[in-house]
Amino acid sequence: MRSGYGLAFLLLRHGLSSTCPRSCENFEQGIVVMDHHASAQAGLGDRAFGLSSLGNLATSLCAKAVYPPPGVSLTMTHNYNNYDSKPHRVEGAKWERYLQTRRYKDKGDFLLQDVYPGDVKEPLLHYYNFDVVLWTHKRDTFADDYLKAYTASMEGSRFIWWISIHYWREWPRGAFDREVVTKLGHSPKIDFYINRLEHCSYVSVTTGLLPMEIATAVLDSIGVKDIRDVAVLHIRRGDMLKACNTSIPFVFTYLSCSGFANVETRDVILLSDEVDTDYRDSVVDMITKMPRADGRTWKVYDGDALILQKTREMHGAMADDNYVVYAAGAYMIGDAGHSFATRCPKGKAPQCGEHRRCHPCAHPAEPGHAKTITTPMIPPTRD
């Protein structure tokens, strides 16, 4: 009973299309760069989409990818809103701290992790090392520049393709597909809201080993050996308060109508960006008192507090990097045996599947919560 959009939380898993005929002997033919102008700043889930799209582009060209490092492209809004205190920032971090960026073919990393020193906004790359230099700064030339890079790759020319248009606002997904498929019969997948037979997926972007280690330690601490033996409830408040009514009564109604009482496990993990401990305690209390089909009682855990505690125990100051904490929770959401979530894709209730009538996003926002919360994502640890 999964949420169906687990990668609003980041875990991207796409099958390799059977229409992708090209097989590269190596991935040294060129480099595809998305610069900081093209990526701007956003959260980790957003970055996972961008990385996967860039990885598909580069791998289809037998090349490697360069993406701005976390210290440049992850927003501090999701990192305790702390812009000034360096221990709270992600400076110097590589993407491998949060994500695994792998090619399907050889399991190698499609990303060049070391060409951005620290928080420098431009990678250390020199044009004179390449036979062909391409620079996309207008969406109108995106598909044409890709085809030029494809030709260079097929001819054995070393190339660098620099992309400087914004990933979400300016990448011409539909036009790119049409032009490239017309010429080649297939195209690398760069739009994860659309699936076509001609789309080729060459890479995966999944939770990093460090967050997985932390999540596993949390499960061990509550006596759970297999993540499929837990149920996860994710309540997204923050930026969704205007779109979805996540007051306690509506969360109760949603769980009641979505088959929650019939899940096999007794272990439930609550994950949320809400920092109000009274609200969190109320959710835990509500679930604990909910009836089960088998008559047993629930065992409910505040997952965010447990993840933060384990991160501090295992990695000390790493707990100041909320993206590590978030990625551990995202892994639980994506792989739990049962996942329930109070957010619809893009906040649209009609997309909530069979439970759309009772889903919190099908109802007006609760009174008094019209303003978006901008407080830190992880609640303080309770004594």
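Me: Which residue does a disulfide join to C24?
Reply: This is a predicted model, where local features need pLDDT of at least 70, side-chain atom pairs count only at pLDDT 80 or more, and totals for chains, interfaces and linings use all residues. Residues are numbered from 1 along each chain as its sequence is written, and side-chain values use heavy atoms, with hydrogens and water left out. A disulfide here is a pair of cysteine sulfur atoms within 2.5 Å. The S to S distance is 2.0 Å, and the partner of C24 is C62.

Me: Is the disulfide of C24 and C62 left-handed or right-handed?
Reply: A disulfide is a covalent bond between the sulfur atoms of two cysteines. The torsion about the S-S bond of C24 and C62 is about -80°, so the disulfide is left-handed.

Me: How many residues apart in sequence are the parts that this pair ties together?
Reply: Helices (H or I, at least four residues) and strands (E, at least two) are DSSP runs, numbered from the N terminus. C24 sits in the segment before strand 1 (30-34). C62 sits in the loop between helix 2 (44-60) and strand 2 (64-66), so the parts tied together are apart by 38 residues.

Me: Is C62 buried or exposed?
Reply: Buried means under 20% relative accessible area, exposed over 50%, and partly exposed in between (1.4 Å probe, protein chains only). C24 has 5% and is buried. C62 has a relative accessibility of 6%, so C62 is buried.

Me: Are helix 7 and helix 10 roughly parallel or roughly perpendicular?
Reply: Axes are lines fitted to C-alpha atoms, for helices over the stretch in contact, and angles run from 0 to 180 degrees between N-to-C directions. Helix 7 (residues 209-221) and helix 10 (residues 303-315) pack at about 115°, with axes 9 Å apart. Angles under 35 degrees count as roughly parallel, over 145 as roughly antiparallel, 65 to 115 as roughly perpendicular and the rest as oblique. Helix 7 and helix 10 are therefore roughly perpendicular.

Me: With which residues is E213 in contact, leaving aside its neighbours within four places in sequence?
Reply: E213 lies in helix 7 and is partly exposed, at 39% relative accessible area. Contact means heavy atoms within 4.5 Å. The C-alpha atoms of E213 and M314 are separated by 9.5 Å, though the two are 101 residues apart along the chain. Beyond those neighbours, E213 is in contact with M314 and H315.

Me: What percentage of the residues of the chain count as buried?
Reply: The chain holds eleven helices and twelve strands. Of its 383 residues, the buried part is 57%.
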